[in-house]
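Here are my notes for you, as numbered points. Keep the viewer open while you read them.

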Amino acid sequence: MSGTPNSFWLPEAASTTAAQHDAGWSLVLWISAFFFVLVVGLMSYFVIRYRRRSETEIPDAPDHNTRLEIVWTLIPVAIVVVLFAVGFKGFLKGTIAPADSMEIFVTAERWMWTFTYPNGATSVNELRVPLGRPVKLVMSSKDVIHSFYVPEFRLKKDVVPNSYTTAWFEPTQVGEMTVTCTEYCGAGHSAMLAKLQVMPEKEFRDWLDAGGEEKGVSPEKAGEKLAMKLACATCHSTDGSAKTGPTWKGLYNHPTELADGTTVTADENYLRESITDPNKKVVKGFQPVMPAFKGLVTQKQLDALIAYLKSLK
Ligand code: CUA
């Protein structure tokens, strides 16, 4: 990428959240540096100041000092509280994607990355994103654990099989970066790279409209078709009415009460489990009669079904 490095230690910062991460990192660094100098300095001074001056000298046996102990307990506690507050704020910001994010499905497998865009376009080992727009990644692995890492975004998230993990970023400058896998996943791990290209919005649109690498139907449309093929409508309505199973209308991201009295949010992972292993969490008022689709639908089909479910607001 062009531009100057963010600091002596850190790679260039190219996302809206990077500065906050760097601030937290610098805070820890400078607090540690300050106390390192203080402790080593005092230690050196005391070694000289309180050295034994003669063979016969008997040193004072120091008793405890309550005031001193309170001070050296309260100062670290205050520092820990501040570091927690700074870290937690950054954690929340990094965890919750803005509502207007563009969603891209990420599939990791040994040893490649596949990206599926909202219009169904896909690209392999190349992720293109528009400048100045939040992007939410919904990620899953076909085999072992991988990890999605872009240093310039200060973004790293594990990509695991049989579950979705999400991450988001908003690029702040046009350019080219590299996505690396940061979880050892076998012989090809170090070569599991993807090019990340941040493009001006207009250029990105043109590329996307041209179908990316491969023209396709959108995950949402593919999911609708698949739901028809699997005859989901026998038991699930899309208009809010209850059939043998709960309706799909307005299901996504809403609280759902289960038969055991607990309440879950119908997020991507809940929807996935309810397709692959439906009787694990049965919705209150319904019988556990749905067949499990584990092994019967592929990762890509799951992505599609979930995209379709999310569209039924
Ligand atoms: Cu994938 Cu390491």
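Before we start: helices (H or I, at least four residues) and strands (E, at least two) are DSSP runs, numbered from the N terminus. This is a predicted model, where local features need pLDDT of at least 70 and side-chain atom pairs count only at pLDDT 80 or more, while totals for chains, interfaces and linings use all residues. Residues are numbered from 1 along each chain as its sequence is written, and side-chain values use heavy atoms, with hydrogens and water left out.

1. **The overall build.** The protein chain has six helices and 12 strands. Along the principal axes, its C-alpha atoms fill a box of roughly 95 × 50 × 35 Å. The radius of gyration is 27 Å, whereas a compact globule of 313 residues would come out near 20 Å. (That radius is taken over C-alpha atoms, and the globule rule is 2.2 Å times the number of residues to the power 0.38.)

2. **Surface and inside.** Of the 313 residues in the protein chain, 37% are buried. Here buried means under 20% relative accessible area, exposed means over 50%, and partly exposed is in between (1.4 Å probe, protein chains only). The accessible surface comes to about 18,300 Å², and carbon and sulfur atoms own 62% of it. Those areas come from the Shrake-Rupley method with a 1.4 Å probe; for residues, only the protein chains shown count as cover.

3. **Contacts and charges.** Take the contacts between residues at least 6 apart in sequence: 63% of them join residues at least 24 apart. Contact means heavy atoms within 4.5 Å. As for charges, the protein chain has 32 positive and 33 negative ones, and their mean positions are 2 Å apart. Lys and Arg count as positive, Asp and Glu as negative, and His and the chain ends are not counted. Each charge is placed at NZ of Lys, CZ of Arg, CG of Asp or CD of Glu.

4. **Helix α1.** Now look at residues 18-49, which form α1 with its 32 residues. From first C-alpha to last, α1 reaches 46 Å, close to the 46 Å expected at 1.5 Å a residue. (The expected span is 1.5 Å times one less than the number of residues.) Ala18, Asp22 and Gly24 are buried in α1, and the cover over the buried residues of α1 includes α2 (66-95).

5. **Helix α6.** How many of the residues of α6 are buried? The count is 10 of 13, so α6 is mostly covered. Among them are Leu302, Leu305, Ile306 and Tyr308. What lies over the buried residues of α6 includes β1 (102-109), β5 (135-141), α4 (219-229) and α5 (268-276). The length fits too: the 13 residues at 299-311 should span 18 Å at 1.5 Å a residue, and the end C-alpha atoms are 19 Å apart, which agrees.

6. **A cis peptide bond.** Check the link between arginine 110 and tryptophan 111: the peptide bond is cis, with omega about -5°. Tryptophan 111 sits in the loop between β1 and β2 (112-116).

7. **Two positive phi values.** Arginine 154 has phi near 55°, a positive value in a residue other than glycine. Asparagine 162 is not a glycine either, and its phi is about 60°. Arginine 154 is in the loop between β6 (146-150) and β7 (155-159), and asparagine 162 is in the loop between β7 and β8 (165-169). Are they buried or exposed? Arginine 154 is buried at 16% relative accessible area, whereas asparagine 162 is exposed at 61%.

8. **Glutamate 55 and serine 218.** Glutamate 55 belongs to the loop between α1 and α2 and is exposed, with a relative accessible area of 72%. Serine 218 is in the loop between α3 (201-209) and α4; its 15% relative accessibility counts as buried. Leaving aside neighbours within four places in sequence, serine 218 is in contact with Pro118, Asn119 and Gly120. From glutamate 55 to serine 218 there are 163 residues in sequence and 86 Å in space, C-alpha to C-alpha.

9. **Serine 101.** This residue is placed in the loop between α2 and β1, and serine 101 is buried, with a relative accessible area of 14%. Not counting residues up to four places away in sequence, serine 101 touches Arg133, Pro134, Val135 and Lys136. Lysine 195 is 94 residues from serine 101 along the chain, and their C-alpha atoms are separated by 21 Å.
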